[in-house]
Amino acid sequence: MTDHTRRNVLRGAAAIAAAGGLVGAGARAAVAAPQAPTTHRFPFLEGAFAPVTEELTAFDLPVTGRVPHDLNGRYLRNGPNVLGLEDPRAHHWMLGDGMVHGVRLRGGRAEWYRNRWVRSSQVAKKLGEPYPGPVPPDDFPCNTHVIPYRGRVLTLQESGPLPYELDDELGTVGTYDFRGTLKGPLTAHTKFDLHAGELHAIAYYPTWDHVRHLVVDPAGRVSRTTKIPVADAPMIHDFALTEHHVVILDMPVTFDPAGAERGDIVPYVWNDRHPARVGVLPRKGGAVRWFEVDPVYYSHTLNAYEEGSEIVVDMTNFDAPFFVAGKGSGGPYGASTPRLDRWTIDLRHGRVRTRTLDDRPQEFPRVNEALVSRRHRYGYSAASAEMAQAYMTVDGNPPDRAFSNALIKQDLLRGTTQVHRLPRGAAASEAVFVPREHSTAEDDGYAIAYVHNPDRGASDLVILAAQDFTGEPVARIHLPGRVPLGFHGSWIPDA
């Protein structure tokens, strides 16, 4: 593989590493993307998506309402924020340089807000800063997720780049390889099983003939790697974990070598010849059982759990097919808006039942993190009108009234939904659940999210009481700038 092709492979891998992973256009057995209309608009660089140009630091943030005294920690969220863009036609939203936005809460106060680019070698060069040490392979400013892990803060990307570690004030420490034990890619969507003390990942790479299940043990080392043979080098952006199983979602989004040779920004395609299937791998080792399903484009799993001989997986799905830039806008094209679905894998009878739990447009589903791999009742997701419209084709956009801005709470036991509605122009990012101190009730806590405030032209950190979800926010923390629509975040409590 030439260096030129190698660079394009990595660009494609980085692009699919965010917000659901994406597919490109043009390859044998691939569905061609719609022809782009003549347009000079790039919605993923405008409005709520527009990148910010400065790193800000502000202290003693103004608050409407009261910050709960039991919220002591930092809320961090990652996302693409392109730096030094010269030609928007050569850019893709998912290729933006990672930027982490953070708010520090303590003792009923919002102590500070910071936003910082992840200092990869590329970002350091753009900023005119030195990069300490040798440049790691597949280097990229991780833009998809930011998680706490055993006293560290890690930014994540999939399909190549090492995680970057941040310090307490969002400065970049350097890459992190789990004490020298991570050999190759990780994922943007790790799953931490609190009960076992294990971190799990499904890793993929464009030139592999397999994907890998990785287990990081309680000592912080990659203790087990299982190679799972797959055809066509599929993109596997997310997965699910239960108490005894790993659920692998192998959908028809596959690497396109010809596209990489051409220099396509995202050399991945919707491949009709690649069967859609779900794999179940025993966590303790053994063979994968595969179950065929109708093709969809899954974006994110909410959670999964076991119920007798069945595995229940809740996740957000798009109708097939799904394209990276169907209108030449620098972002994805979906055949539909994403909805919340449930897939039930019947291990006894060898089949998968699927049904829609909520068909309203929604993305970025989250659960109480203490219940990852165990049975959950509640889930939280975000509906953003501007994101839904940007994902659609120009000719396919429904009227504006079809979309709204909201945060959504699902009661999956009762089959009911609570919607916290937001004003027009108040684009909502992912909502993360934070438990109340010393409480064991699943929804006793807060849902927190960055929300654009159109009256100020800046963002607020909105804190909702999860058990009074439709009520007035407990607090709105007013930030000094915008937080563009991005991807995933975490609450990092004080130790």
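Select Phe 44, Phe 49, Trp 93, Tyr 297, Tyr 298, Phe 318, Phe 322, Tyr 391 and Phe 487: ring pairs join these residues into a cluster. Rings of Phe, Tyr and Trp (its six-membered ring) pair if their centres lie within 6.5 Å, with planes under 30 degrees apart counted as stacked, over 60 as edge-to-face and the rest as tilted. The structure holds 18 aromatic pairs.

The model is predicted: local features need pLDDT of at least 70, side-chain atom pairs count only at pLDDT 80 or more, and totals for chains, interfaces and linings use all residues. Residues are numbered from 1 along each chain as its sequence is written, and side-chain values use heavy atoms, with hydrogens and water left out.

Next, select Arg 212 and Trp 208. Arg 212 lies over the face of Trp 208, 3.7 Å from the ring centre; such a placement requires NZ of Lys or CZ of Arg within 6 Å of the ring centre and within 35 degrees of the ring normal. Lys 191 lies over the face of Phe 239, at 5.6 Å from the ring centre.

Buried means under 20% relative accessible area, exposed over 50% and partly exposed in between (1.4 Å probe, protein chains only). The largest core has 55 residues, and Trp 93, Val 247, Val 313, Trp 343, Ile 345 and Tyr 391 have the most contacts inside it. A second, separate core of 21 residues includes Leu 71, Val 432, Val 434 and Tyr 446.

For the largest cavity, select Ala 48, Ala 427, Ser 429, Tyr 450, Val 451, His 452, Ser 459, Arg 482, Val 483, Pro 484 and Leu 485, which line it. A cavity is a set of points on a 1 Å grid over the protein atoms alone where a 1.4 Å probe fits but cannot get out; lining residues have an atom within 4 Å of a point. The largest cavity holds about 60 Å³ of space, and strand β31 (residues 445-453) supplies the largest share of its lining, three residues.

The second largest cavity, with about 40 Å³ of space, is lined by Phe 44, Leu 45, Phe 49, Pro 51, Pro 80, Asn 81, Val 82, His 91 and Trp 93.

Finally, select Ser 299, in strand β20 (residues 296-307). Is Ser 299 buried or exposed? Ser 299 counts as buried because its relative accessibility is 0%. Ser 299 and Phe 364 lie 65 residues apart in sequence and 8.3 Å apart in space, C-alpha to C-alpha.

How values were computed: Core = buried A, V, L, I, M, F, W, Y, C linked by side-chain atoms within 4.5 Å. 1 Å grid on protein atoms, 1.4 Å probe; cavity = no way out; pocket = protein on both sides within 12 Å on 5 of 7 lines; lining within 4 Å. Points joined across faces, edges and corners; volume = space filled by probe spheres on them. Helix = DSSP H or I, 4+ residues; strand = E, 2+ residues; numbered from the N terminus.
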